[in-house]
Amino acid sequence: MQPQPDVFSLQNYLNSSIPSPYPSHFQISSPFPINGQNPNSFYGFQSATNNPQSMSLSSNNSTSDEAEEQQTDKNIINERKQRRMISNRESARRSRMRKQRHLDELWSQVMWLRIENHQLLDKLNNLSESHEKVLQENAQLKEETSELKHVISDMQIQSPFSCFRDDIIPIE
């Protein structure tokens, strides 16, 4: 709560010949109606709402100040939006670049894997061919072995010295 000013000292101040430091549209008066003064004045200052000229000046000043403040606020908001939009565009550009780099890396990996796959298929085909050749050669060798065994067995049966068979090695 504010302390109440001394009415008598304010009255003495009003009656003194000291020039007022306040502009002419501010009328200093007592906080209480004295000698028909306006009861709307407060602590020695007459409100600007009682004076139509000061009211229009203050309303013009306040509306222009408010308009300037609103315009400034709009400018600040627009600048922030603009910065955010630029930042978002830059971020999106970086994201697209990262995505493109990743896609390029994946494509190079696909190409490398295709080449490796082709090389492995070539090796597999060569090994399959070699395996087939080895199997054919093995079958041929088995067949030759079988023929040779048969020839040896026939030779042993037809041999004139069949009675001395102890020294002949059995064929399996």
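**Note on helix 2 and the surface of the model**

1. Glu68 is found in helix 2. Helices are DSSP runs of H or I with at least four residues, strands are runs of E with at least two, and both are numbered from the N terminus. The chain has 2 helices and 0 strands, and helix 2 covers residues 52-158.

2. The structure is a predicted model, in which local features need pLDDT of at least 70 and side-chain atom pairs count only at pLDDT 80 or more, whereas totals for chains, interfaces and linings use all residues. Residues are numbered from 1 along each chain as its sequence is written, and side-chain values use heavy atoms, with hydrogens and water left out.

3. Of the 172 residues of the chain, 5% count as buried. Buried means under 20% relative accessible area, exposed means over 50%, and partly exposed lies in between (1.4 Å probe, protein chains only). The accessible surface of the chain is about 15400 Å², and carbon and sulfur atoms account for 56% of this surface. Accessible areas come from the Shrake-Rupley method with a 1.4 Å probe; for residues, only the protein chains shown count as cover.

4. Contacts in the chain (heavy atoms within 4.5 Å) may be sorted by sequence separation. Among those between residues at least 6 apart in sequence, 17% join residues at least 24 apart.

5. Which residues gather in a patch of negative charge on the surface? They are Asp65, Glu66, Glu68, Glu69 and Asp73. Patches are made of residues with over 30% relative accessible area and no salt bridge; like charges are joined within 9 Å, and nonpolar side chains (Val, Leu, Ile, Met, Phe, Trp, Tyr) within 5 Å. Asp and Glu count as negative and Lys and Arg as positive, while His and the chain ends are not counted. The place of a charge is NZ of Lys, CZ of Arg, CG of Asp or CD of Glu. Glu68 counts as exposed because its relative accessible area is 52%.

6. A positive surface patch consists of Arg80, Lys81, Arg83 and Arg84. Arg84 belongs to helix 2 and, at 48% relative accessibility, is partly exposed.

7. Side chains of opposite charge can pair when their charged atoms come close. A salt bridge is a side-chain nitrogen of Lys or Arg within 4 Å of a carboxyl oxygen of Asp or Glu, and the structure holds 2 of them. Glu90 pairs with Arg93, with the closest N and O atoms 2.4 Å apart, and also with Arg94, at 4.0 Å from N to O. Along helix 2, Arg93 is 3 residues from Glu90 and Arg94 is 4 residues from Glu90, in each case about one turn of the helix. Glu90 is partly exposed at 32%, as are Arg93 at 36% and Arg94 at 41%.

8. Leu103, Trp107, Val110 and Met111 form a nonpolar surface patch, with about 370 Å² of accessible area together. Trp107 lies in helix 2.
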